Amino acid sequence: MNNREILSLTGVLKVQSFDPKEILIETVQGMLTIKGDKLGIKHLDLKEGLVEVEGFVEGLIYPRQAGGSRGNLWGRIFR
């Protein structure tokens, strides 16, 4: 990320949805939500798994995967 204005990502499988406030991207490691203002996709190459987002990035959100921390040993111990 450069100055919270340009974000380059790899491992991109699909852009699920986008608008100027939120972009939802499917990556090889799960879903990623980018929140911000005046967001746009500057470059997209799904064959190479690359995307470049421009605008003001306010947050990156990686939702918990199914099972989350409860699926590992520590999650089962500390319920």
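Arg-64 sits in the loop between strand 5 and helix 1, where helices (DSSP runs of H or I, at least four residues) and strands (runs of E, at least two) are numbered from the N terminus. This is a predicted model, so local features need pLDDT of at least 70 and side-chain atom pairs count only at pLDDT 80 or more, while totals for chains, interfaces and linings use all residues. Residues are numbered from 1 along each chain as its sequence is written, and side-chain values use heavy atoms, with hydrogens and water left out.

Arg-64 and Gly-30 are 34 residues apart in sequence, yet their C-alpha atoms are 8.9 Å apart in space.

Zooming out, the protein chain has 1 helix and 5 strands. Read from the N terminus on, the order is β-β-β-β-β-α. Of the 79 residues in the protein chain, 25% are buried. The protein chain exposes about 5,700 Å², and carbon and sulfur atoms supply 52% of that area. Accessible areas like this one come from the Shrake-Rupley method with a 1.4 Å probe, and for residues only the protein chains shown count as cover. As for contacts (heavy atoms within 4.5 Å), consider those between residues at least 6 apart in sequence: 40% of them join residues at least 24 apart.

Next come the charged pairs. The structure holds 3 salt bridges, each being a side-chain nitrogen of Lys or Arg within 4 Å of a carboxyl oxygen of Asp or Glu. In one of them, Asp-37 pairs up with Lys-21, and the closest N and O atoms are 3.1 Å apart. Asp-37 belongs to strand 4 (residues 30-45) and Lys-21 to the loop between strand 2 (12-19) and strand 3 (22-27), so this pair ties together parts that are 16 residues apart in sequence. Asp-37 is partly exposed, at 29% relative accessibility, while Lys-21 counts as exposed at 53%.

Another salt bridge joins Glu-22 and Lys-35, with 2.9 Å between the closest N and O atoms. Here the link runs between distant parts of the chain, from Glu-22 in strand 3 to Lys-35 in strand 4, 13 residues apart. Glu-22 is partly exposed, with a relative accessible area of 30%, and Lys-35 is partly exposed too, at 36%.

Glu-52 and Lys-42 also meet through their side chains in a salt bridge, at 3.7 Å from N to O. This pair again links distant parts of the chain: Glu-52 is in strand 5 and Lys-42 is in strand 4, 10 residues apart. Glu-52 counts as partly exposed because its relative accessibility is 22%, and Lys-42 counts as partly exposed at 49%.

Finally, there is a greasy spot to look at. Met-1, Leu-60 and Tyr-62 form a nonpolar patch on the surface, and together they have about 340 Å² of accessible area. Patches are made of residues with over 30% relative accessible area and no salt bridge; like charges are joined within 9 Å, and nonpolar side chains (Val, Leu, Ile, Met, Phe, Trp, Tyr) within 5 Å. Tyr-62 counts as exposed because its relative accessibility is 59%.

Conventions: Buried means under 20% relative accessible area, exposed over 50%, partly exposed in between (1.4 Å probe, protein chains only).
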